[in-house]
2 protein chains.
Amino acid sequence: VNRDYQTIALEQDGWSVRVLDQTLLPHLFEYRILRDCDDSVTAIRDMWVRGAPLIGATAAYGVALAMRADPSDSFFETAYEKLFSARPTAVNLRWALDQMRSCLMDKPPSGREALAYARAAEIASEDDTLCSAIGRHGAELIAAAYRRNPERPVNILTHCNAGALATCGMGTATAPVYTAHGDGIPVHVWVDETRPRNQGAALTAWELGRAGVPHTLIADNTGGHLMQHGEVDLCIVGSDRTTAAGDVCNKIGTYLKALAAHDNGVPFYAALPSTTIDWTIDDGVADIPIEKRHGDELAVVSGLTDTGQVASIRLPPVDTPVGNYAFDVTPARLVTGIITERGVTKATKPALQEVFADLSKQD
Amino acid sequence: VNRDYQTIALEQDGWSVRVLDQTLLPHLFEYRILRDCDDSVTAIRDMWVRGAPLIGATAAYGVALAMRADPSDSFFETAYEKLFSARPTAVNLRWALDQMRSCLMDKPPSGREALAYARAAEIASEDDTLCSAIGRHGAELIAAAYRRNPERPVNILTHCNAGALATCGMGTATAPVYTAHGDGIPVHVWVDETRPRNQGAALTAWELGRAGVPHTLIADNTGGHLMQHGEVDLCIVGSDRTTAAGDVCNKIGTYLKALAAHDNGVPFYAALPSTTIDWTIDDGVADIPIEKRHGDELAVVSGLTDTGQVASIRLPPVDTPVGNYAFDVTPARLVTGIITERGVTKATKPALQEVFADLSKQD
């Protein structure tokens, strides 16, 4: 992947942490330096970083920065609580913090700083490895589509940003695209704008453009029309949470694209690391609560003015009530397959259990 | 309907024409006065007025203003051409202009001004009557839904603006809602934002709010999730063009909502005057060309700044390619029924031919 930026990295000084401030994208490109645990809390809370894997890595480095300041048990616990409270529902955040706890708490304080930096780097590196494995498996699907119709680029539709910007690697849903593109397979990505928060327009379009991957931004309303006219070869989306039976919870609107794919015989894949699978539930529509967020996320949008300033404006009338649902659930029956670090599996309980026998029996 | 504005009306002076400038909605409410044919051309071309029926009425009044200035044949022909060229693909525009031609051209010039004003008023009034008839028939569906579940308001999802603002009456898709609301049936409307041009946020939310009809603005991505959870009792959309077999061409994204309605057993209706039916084609997906428009309609949005100014901003990176498709086609198999001025019919060729025997045989 031709990537000339990093979502998170250690600075030259060997201890401070540099993150890309994603709230400023796509119009401004600025890194921010995290120098203590509170900076890391701010980075997560104010969404300079977003995407479950990247939030986890940022929290891990937050603990490292805390241990550098004071490696005591009590300081660790304070850091844990602060970091954990920075975002309400991020599963990966707790996972990363618990990893840091097991790594550090039975060790003497004097060694904790070095151990914490090493484990944080490992968490970031493991995520990079997961992304690459997903990319390799998913790229085979894209290569197969190209072999079936080598007359034109493979058209891939994606929703939201499950991209490099959400991870410490090449992303999840975007990983197959980057890998195929790197293999020389002609690809073209239809990028859903992804209202209400516009992650498609602000993040996915930006990162694909930066990587030189051909793409076109479309309104979220458009995918069905394109599929009716044969303009989509496959869909690849990410997932925030996937049930043991293969129901895929992802950014609101994913379900509508899956329905259109099903209606037009277009394969629909979710790309995700196995850490995203919740083995405790089967029925996603019934059992996954969907977060309702503040209406201003839909009503107020931010972008570039004629004079090159970044500004926010309100779209609907000031007194219009707004309903803002963050995610929806795509039933497994609409999902052609799940692309994980271990390969492409059917979106069924037996298929997932077979591939992840070691993980699915944990609960 | 509690409507305290008019999309188009004759001024007190008895000859100049007042239109609501819809480009300024929802943040500014301003009428503009049309004093000659060129003003009418501007109103149509610059989209102060939009919606097929309202464009037709504006063109008719444009001819009246022309006849007031000069009732000659040659001036009529010039006015016809100017008005017809104001919007490229408005079927109703040609219809209204042809109505004016048949009304005027075989009459002596001295009587044409009065005849033209009378026919223009009639065209507006006929549209109002059509809307009311659609409203009356559609309201029965809403009343029936309320009888089935009187524990809560009837939740109706709509897409784009087929509202009072698009017509000289109470709209097409909104007419059943206004009528039911006027009948005292509790209703609540889910208003799709309708990207790329935000007609839901800018127009439908505005007009429902102004009329006191309970509603909630949602992202276009949201309808499927709401239907999965029983929060939508029926969908009612408008149509720009409907085939003889009942395929419904409407604002892009309509098809996705119809798929979700079908998947969840939610009735899906299109409300339209029979003038919208194109008896010459059956297969909408194959035979209706879909207009591609400039990408800036998606990329650049307009709204209210913190300081109360109306401003425009660009959402994606400046060099992001944008695909902007204006409409899509919902196959008849996904349409529960068509609400017309003559009642609710099935979306099939035999059913439509039976109700419109007089019209369907024209071609």
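1. Strand 6 of chain A and strand 14 (residues 322-323) of chain B run parallel and are joined by two bridges. Two strands are taken to pair if DSSP finds at least two bridges between them. Helices (H or I, at least four residues) and strands (E, at least two) are DSSP runs, numbered from the N terminus. Within this pairing, A:Ile218 has B:Gly323 in strand 14 of chain B as its bridge partner.

2. On conventions, this is a predicted model, in which local features need pLDDT of at least 70 and side-chain atom pairs count only at pLDDT 80 or more, while totals for chains, interfaces and linings use all residues. Residues are numbered from 1 along each chain as its sequence is written, chains are lettered from A and ligands numbered from 1 in the order in which they are written, and side-chain values use heavy atoms, with hydrogens and water left out.

3. How many residues of each chain take part in the contact between chain A and chain B? There are 60 residues of chain A in contact with 60 residues of chain B, contact meaning heavy atoms within 4.5 Å. The size of an interface is often given as the accessible area lost when the parts come together. Here the two chains bury about 4,700 Å² between them, with 62% of it on carbon and sulfur atoms; buried area is the accessible area (1.4 Å probe) that two parts lose on being put together, summed over both. On the side of chain A, the residues that lose the most area to chain B are A:Asn221, A:Leu256 and A:Ile313, together 15% of what that side buries.

4. Four salt bridges are found across the interface of chain A and chain B, each being a side-chain nitrogen of Lys or Arg within 4 Å of a carboxyl oxygen of Asp or Glu. The side chains of A:Arg333 and B:Asp263 also meet in a salt bridge, at 3.0 Å from N to O.

5. Several elements give two or more residues to the side of chain A that touches chain B, among them helix 7 (199-210), helix 8 (223-228) and strand 13 (310-314) of chain A. Helix 9 of chain A provides the largest share, six residues. By residue type, that side divides into 32 nonpolar, 20 polar and eight charged. In this count Ala, Val, Leu, Ile, Met, Phe, Trp, Tyr, Cys and Pro are nonpolar, Asp, Glu, Lys and Arg are charged, and the others, Gly among them, are polar.

6. The loop between strand 5 (187-192) and helix 7 (199-210) of chain B contains B:Pro196, and the peptide bond from B:Arg195 to B:Pro196 is cis, with omega near 10°. B:Thr194 is found in that loop of chain B and has a positive phi, near 70°, in a residue other than glycine.

7. B:Pro26 lies in the loop between strand 2 (17-20) and strand 3 (31-34) of chain B.

8. In chain A, A:Ala145 belongs to helix 5 (residues 112-148) and counts as buried at 8% relative accessibility. Leaving aside neighbours within four places in sequence, A:Ala145 is in contact with A:Val154 and A:Leu234.

Key:
Buried means under 20% relative accessible area, exposed over 50%, partly exposed in between (1.4 Å probe, protein chains only).
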